[in-house]
Amino acid sequence: MIWNQKQISEADRVNRIRIINAITGVKPANLIGTQNSKGHHNLAVFSSVVHLGSNPALIGFVLRPYGQVPRHTWQNIKATGHYTINHIPDTFTEQAHYTSAKFPEKVSEFDRCGFTPEWIPDVNAPFVAESKLKFALSFESAIEIPLNGTTLVVGKVIYISFPDEFIDQTGELDLELSQTTGISGLNTYYDFYKKPGILSWMASGS
């Protein structure tokens, strides 16, 4: 299959969305947990979470345009300044995908989709108890992308939680042990499998 620029722009909308969402490869699948100023919980699946830097520890994710469609995640982040990002266990992909349905603001996706909210002191957002690898962030900035109306939300990592055994003998975080799920396209989920060993040029830092 070959598409030039004209064919991409003229392609059927649904087919174009499926292809363009998939060509970057398997992406992390995460649940972002928030609450509003009244304490109502929200949970939503995102495939756009990306590492932006380690010192300070910055993570970004992309919000779709929020003109006419209410974006509870974004509203809640602005209200409280905190949110959590939770890896999706491979046994919870169906429930996680269901969080993308448009629930009313007062309806908790935790309740409707079968997840348990988990709280720690000084973080004003719920974690997903079923997630083995999760972290909390404080909102830092939002960068508008004029070309398509999306927004890159940047947060600073303020808390990280995962079992000690997820760190292997080389000090690397082993995502296979965490049974983390990846996503490609709109609704295709993947298990992560680690390739044995580390490439020598990577290990040497050259």
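**Notebook: pocket, salt bridges and a surface patch**

I began with the largest pocket, and about 1600 Å³ of space lies in it. A reminder to myself before going on: this is a predicted model.

Next I looked up what surrounds that space. I found 39 residues lining the largest pocket. Nearest its centre lie Phe-46, Val-62, Leu-63, Arg-64 and Arg-71. I then noted which elements give two or more residues to this lining: helix H2 (13–22), strand S3 (41–46), strand S5 (57–63) and helix H3 (72–80). How many residues of each class are in the lining of the largest pocket? I read off 19 nonpolar, 13 polar and 7 charged residues.

**Salt bridges**

I turned to charged pairs and got a count of 2 salt bridges.

One of them pairs Glu-10 with Lys-6, and I noted 3.0 Å between the closest N and O atoms. Both Glu-10 and Lys-6 sit in helix H1, 4 residues apart, which is about one turn of the helix. Are these two side chains buried or exposed? I have Glu-10 down as exposed, because its relative accessibility is 54% and the cut-off for exposed is over 50%. Lys-6 is also at 54% relative accessibility, so I list Lys-6 as exposed.

I then moved to the salt bridge between Glu-118 and Lys-134, where the closest N and O atoms are 2.9 Å apart. Here Glu-118 belongs to strand S7 (residues 117–118) and Lys-134 to strand S9 (residues 134–145), so the pair ties together parts that are 16 residues apart in sequence. I checked the accessibility of both partners. Glu-118 has a relative accessible area of 30%, so I call Glu-118 partly exposed. Lys-134 has a relative accessible area of 5%, and buried means under 20%, so Lys-134 goes into my notes as buried.

**Nonpolar patch**

My last stop was the surface. Which residues form a nonpolar patch there? I found Ile-8, Ile-20 and Ile-23, with about 260 Å² of accessible area together. I followed up on Ile-8, and Ile-8 lies in helix H1 (residues 5–10). That is the helix in which I had already placed Glu-10 and Lys-6. Ile-8 has 32% relative accessibility, so I count Ile-8 as partly exposed. Patch members need over 30% relative accessible area, and Ile-8 at 32% is therefore in.

Notes
Residues numbered from 1 in each chain as written. Predicted model: local features only at pLDDT ≥ 70, side-chain atom pairs only at ≥ 80, totals over all residues. Heavy atoms only, no water. Patch = residues over 30% accessible without salt bridge, like charges linked within 9 Å, V, L, I, M, F, W, Y side chains within 5 Å. Areas by Shrake-Rupley, 256 points an atom, 1.4 Å probe, with all protein chains shown as cover. Salt bridge = Lys/Arg side-chain N within 4 Å of Asp/Glu carboxyl O. Buried < 20%, exposed > 50% of the residue type's maximum accessible area, 1.4 Å probe, protein only. 1 Å grid on protein atoms, 1.4 Å probe; cavity = no way out; pocket = protein on both sides within 12 Å on 5 of 7 lines; lining within 4 Å. Points joined across faces, edges and corners; volume = space filled by probe spheres on them. Nonpolar A, V, L, I, M, F, W, Y, C, P; charged D, E, K, R; others polar.
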